[in-house]
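User: Please walk me through the ligand site of this model.

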Amino acid sequence: MGDRFSAQDRFAVGAQYIGGELRPGTSGQQHTVIDPATGEQVLTYDLASSADVDAAVAAASAAFPGWAGATPGERSDAMHRFAAVLTERAEEFAQAESLQCGKPIKLSREFDVPGSIDNTAYFAGAARHLQGQSAGEYSADHTSYVRREPIGVVGSIAPWNYPLQMAAWKVLPAIAAGNTIVLKPAELTPLTSLLFAQAATDAGIPDGVVNIITGAGRDAGEHLVGHADVAMTSFTGSTAVGKRVAEIATSTVKRLHLELGGKAPFVVFDDADLEAAVHGAVAGALINTGQDCTAATRAYVQRPLYDAFVQGVADLMETVRLGDPFDASTDLGPLISHAQRDRVAGFVDRARGYARVVTGGTAPDNDGAYYRPTLIADAAQDSEIVQAEIFGPVLVVLPFDSDDEGIRLANDTPYGLAASAWSRDVYRTGRATREIQAGCVWINDHIPILSEMPHGGYKASGFGKDMSAYSFEEYTQVKHVMYDNTAVARKDWHRTVFGTR
Ligand code: NAD
């Protein structure tokens with residue numbers, strides 16, 4: 001496995017990646033990345049100023065004509081090389097991701113890193129499918145066809161929960177379609193976005209195609225969204241910040257893509273495989289320490305299975321091993337920060353006043369930002385713990401009686417990112433897939449994602465899709481080209497403007 005990844009060594013020059021080079025930020029303010037498992041400092045870096053954002057946008061603008069003018073095959077070749085470089089560096093990526101997020105190394109190695117490499121390979125292929133509709137004579141006198149063209153410089157903003165995958169989901173469809181990009185990762189987690197951009201350069205993707213700005217949301221983030229030379233904003237993060245981003249993007253008239261919060265329901269009908277549902281609920285609730293926008297957060301269990309489900313989930317949660325993220329046997333790492341841990345604990349502590357903590361609800365006594373897997377029962381549907389996005393290892397469970405009630409409760413939050421339904425009855429699951437309002441509905445599973453399939457929200461979870469051909473299309477604009485076929489100077493339709501027939 002070699003030496004542990006050292007961020008101070010790797011980013012000694014600075015943590016802004018502009019035009020193919022690392023440099024320091026010039027805001028005069030610093031940020032320190034903390035290892036949430038220990039509280040130790042990982043990297044202190046200079047945050048980006050507005051001038052750094054301007055420099056990154058200028059680098060992306062300068063790179064745009066050449067990259068947009070490359071053939072799809074040339075872009076595809078470069079991206080296949082990119083996937084190969086990522087594969088060679090997989091262990092470095094896994095270590096950096098676990099260090100900055102506190103993710104168990106087995107999750108980084110088996111999910112975040114291979115998923116991002118697969119995404120890169122997928123979009124390398126997609127790059128060759130930049131297609132408009134086939135041509136046709138929709139008027140007798142004209143031939144029309146449609147071109148799909150890149151949009152220009154994309155400004156993207158990403159959250160801290162899956163920094164590498166978020167960088168991949170933002171960068172890859174954008175550059176596959178011929179755009180250039182400036183990505184701002186979350187201040188807490190800049191490391192793997194920087195490594196990702198460096199790998200792109202090392203694979204031969206031209207300087208300026210992928211730029212990383214590491215700065216504060218209110219400063220660098222807002223400046224990027226409002227920038228006149230940025231043609232599209234793609235944002236993943238909380239619904240609250242998404243609304244602010246939407247205001248700025250709308251006032252500067254640019255294409256907008258929002259991937260926001262979630263509060264995924266997990267609906268267990270009374271004919272479900274109980275063991276599968278229990279295991280699925282614990283895995284779906286605890287993945288990434290529950291800091292997953294699609295995590296199972298609200299389990300609705302039909303009355304006949306309810307008591308056994310609560311007992312089964314509580315028993316299984318108690319077997320989950322918290323520990324050092326770099327220990328391959330650790331199941332659950334810390335939350336991203338002590339502040340996030342305290343926020344999660346606050347939700348649970350308030351819930352004690354109106355609900356029952358079945359298991360968990362405490363933090364172990366160590367320096368890390370850990371919180372035990374927590375199951376909460378007896379909460380009302382309109383209570384905070386059922387309605388709000390907690391973003392921690394907390395599952396709330398409620399009973400229901402009729403199928404109508406289960407589906408109604410599943411839809412009863414502002415969010416609509418993901419959901420699952422558990423049953424052996426194809427008619428019940430079919431109904432759930434039709435009636436649950438979410439961008440993804442799993443049947444008898446919860447969490448798996450695929451590069452080929454879209455990820456994105458309904459309702460307050462936003463709009464726009466990541467991954468898949470749908471995402472690729474969003475990073476293009478459609479142009480109608482219309483040819484006159486008659487060679488007639490005085491066209492018949494001119495009489496509607498001047499003269500007579
Ligand atoms: P956040 O909204 O606080 O921050 C996200 C990003 O926005 C960060 O880079 C931050 O610096 C930046 N930002 C903050 N204020 C800004 C502003 N005023 N203008 C521009 N940028 C600004 O979210 P977070 O706490 O980093 O991440 C957790 C949230 O992300 C959760 O709500 C989660 O559901 C959501 N999320 C959604 C998806 C999805 O695909 N829908 C995926 C992952 C995470």
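User: How many nonpolar, polar and charged residues does the shell around the ligand have?
Analyst: This is a predicted model, where local features need pLDDT of at least 70, side-chain atom pairs count only at pLDDT 80 or more, and totals for chains, interfaces and linings use all residues. Residues are numbered from 1 along each chain as its sequence is written, and side-chain values use heavy atoms, without hydrogens and water. Ala, Val, Leu, Ile, Met, Phe, Trp, Tyr, Cys and Pro count as nonpolar, Asp, Glu, Lys and Arg as charged, and the others, Gly among them, as polar. By class, the shell has 13 nonpolar, nine polar and six charged residues.

User: Which side chain has an N or O atom 2.5 Å from an oxygen atom of the ligand?
Analyst: Polar contacts here pair N or O atoms within 3.5 Å. A ligand oxygen is 2.7 Å from a polar backbone atom of Ala158. Another such pair, at 2.9 Å, involves the side chain of Trp160. The 2.5 Å pair belongs to the side chain of Glu389.

User: Where does the ligand lie relative to domain 1 and domain 2?
Analyst: Domain bounds come from an automatic or database domain assignment. Domain 1 covers 10-260 + 461-480, and domain 2 covers 264-443. Both give residues to the shell around the ligand, so the ligand lies between them.

Technical notes
Polar contact = N/O pair within 3.5 Å; in protein donor to acceptor, adjacent residues only side chain to side chain.
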